[in-house]
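Me: Please take a close look at a single part of this model. Keep it brisk, and give the cut-offs.

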Amino acid sequence: MTSSSPTPVKPAQPSTLITGGLVITASDELHADLLIENGRVAGLAAPGTAAAEAFSADRVLDATGKYVIPGGVDGHTHMDFPFGGTFSSDDFETGTRAAAWGGTTTIVDFAVQTRGRALREGLDTWHAKADGRCSVDYGFHMILSDVNESSLKEMDGLVEEGVTSFKMFMAYPGVFYSDDGQILRAMQRTAANGGLTMMHAENGIAIDVLVEQALAAGRTDPRHHGEVRKALLEAEATHRAIQLARVAGSPLYVVHVSAREAVEQLAAARGMDLPVFGETCPQYLYLSTDNLAEPDFGGAKYVCSTPLRPAEHQAALWRALRTDDLQVVSTDHCPFCFTGQKDLGRGDFSKIPNGMPGVEHRMDLLHQAVVDGHLTRRRWIELACATPARMFGLYPKKGTLAPGADADVVVYDPHAEQTLSAATHHMNVDYSAYEGKRLTGRVETVLSRGEAVIDRRTYTGRAGHGQYVPRGICQFLN
Ligand code: URP
Ligand code: ZN
Ligand code: ZN
């Protein structure tokens, strides 16, 4: 006699009905009840209609007076990232928990190829860092630090398995830097395999000359980080990246754009109908070289690359976000503690680890832009949720609220007041780049695939809930 054990049946997830809220997506704003079944959006219906009356669920969330929006998609984070002899202070556990607190339910982080090693080895390392530790879903881009015959070949396989974007650096010679020939080769590869080239566009060779001259002249304070990394050298590299992409016939996504002159290059390319895209980050919209000049080495908190710019660049960035010359706002979350990490660069700004915290505040800072009149509500959702999902091959699973989409949902209170501070944030970093900043609007409840990870301002998630999400190719190229 043989016996076979019964196949375990996965218990159905309790269904949820979110009632009374204003549902906002990139395309619509409508008062609707939202039904969630088995981790997905099952339906939307106007309250009081027969369709809404027919909705029934195990639990009801009252969102009267609140917004109901898709979970944020942050397409640019660096958890547990090696830089300048140290590692970013958020790992996948602390960083994705902070993301959840801030209403971001998907991150796309950067796996790193070590020089002389295979892409596969770097990707495996990043899977091991993230596996079982995340509170929200995650995917990977791949940083190419060593473009050669074998890494070029490996790119095709990565695209097939869902790592569909590759970042290269025109900056940081001797570390992540690729020369123009390497960039052209990698772009030719993405032109053929459907991948997206992401570019850190700063002329690192020229910048290193200016760094050397500044240090030799005794200009060692953090503010000189901003002075040597000139806007023109961002614009030059952006221009060069665009021309190389044209020659290769490949799409291009320029990361962390901060200079008005770089935006002009992107706008010109888009005016020629080229598949060229750009992101900026909240730090470039709200902070400036004034922060880099804060006394007592305080400017080190704001050292990142591309650098913060004089405040007059901000108007060009806001305008580009409205006109679609920039399409995405990501955080480039790459935190280093002030004590013990940023202070590696006391007396030499070039030794300050580059990067800033931000994964927790992107949705709120962009909502503040709605309050301040820079953006409409739908554009807020487009920049923070829908377009990054499309850009990185995740839509409509992520980035919207439509039947069949993952139920990554944020109930957002647009009237709540909050003050940002290191004393209350959840990122693993000992300072806030926005200490004391007052904002209107706050995340109240966050569902990730239908499960509450933040429930009325209490963390109810768990490390390991977040799943790896293989990605399709950029959906602006189809
Ligand atoms: O300063 C930054 N942006 N650090 C993270 C690495 C990068 O270039 O994105
Ligand atoms: Zn970069
Ligand atoms: Zn980055």
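**The ligand site and the backbone**

Reply: Pro396 falls in the loop between helix 14 (377-391) and strand 18 (409-419) (DSSP runs numbered from the N terminus: helices, H or I, of at least four residues; strands, E, of at least two). The bond that joins Tyr395 to Pro396 is a cis peptide, with omega about 5°. This is a predicted model: local features need pLDDT of at least 70 and side-chain atom pairs pLDDT 80 or more, while totals for chains, interfaces and linings use all residues. Residues count from 1 along each chain as its sequence is written, chains are lettered from A and ligands numbered from 1 in the order written, and side-chain values use heavy atoms, without hydrogens or water.

Thr306 belongs to the loop between helix 11 (289-292) and helix 12 (313-323).

Now the polar contacts (N or O atoms within 3.5 Å). Asp332 places a polar side-chain atom 2.6 Å from a nitrogen of ligand 1. His78 has one 3.2 Å from a ligand oxygen. For His76, the distance from a side-chain N or O atom to an oxygen of ligand 1 is 3.5 Å. The protein buries 100% of the 270 Å² that ligand 1 exposes alone (Shrake-Rupley, 1.4 Å probe). Ligand 1 sits in the largest cavity (more than half of its atoms within 2 Å of the grid points; on a 1 Å grid, a 1.4 Å probe fits there but cannot get out).

An unreviewed UniProt entry gives residues 67-439 as "domain: Amidohydrolase-related".

One more backbone point concerns Arg456. Arg456 is not a glycine, yet its phi is positive, about 45°. Arg456 occupies the loop between strand 20 (451-455) and strand 21 (458-459).

Key. Polar contact = N/O pair within 3.5 Å; in protein donor to acceptor, adjacent residues only side chain to side chain. 1 Å grid on protein atoms, 1.4 Å probe; cavity = no way out; pocket = protein on both sides within 12 Å on 5 of 7 lines; lining within 4 Å. UniProt positions renumbered as here; feature names shortened; annotations may be inferred.
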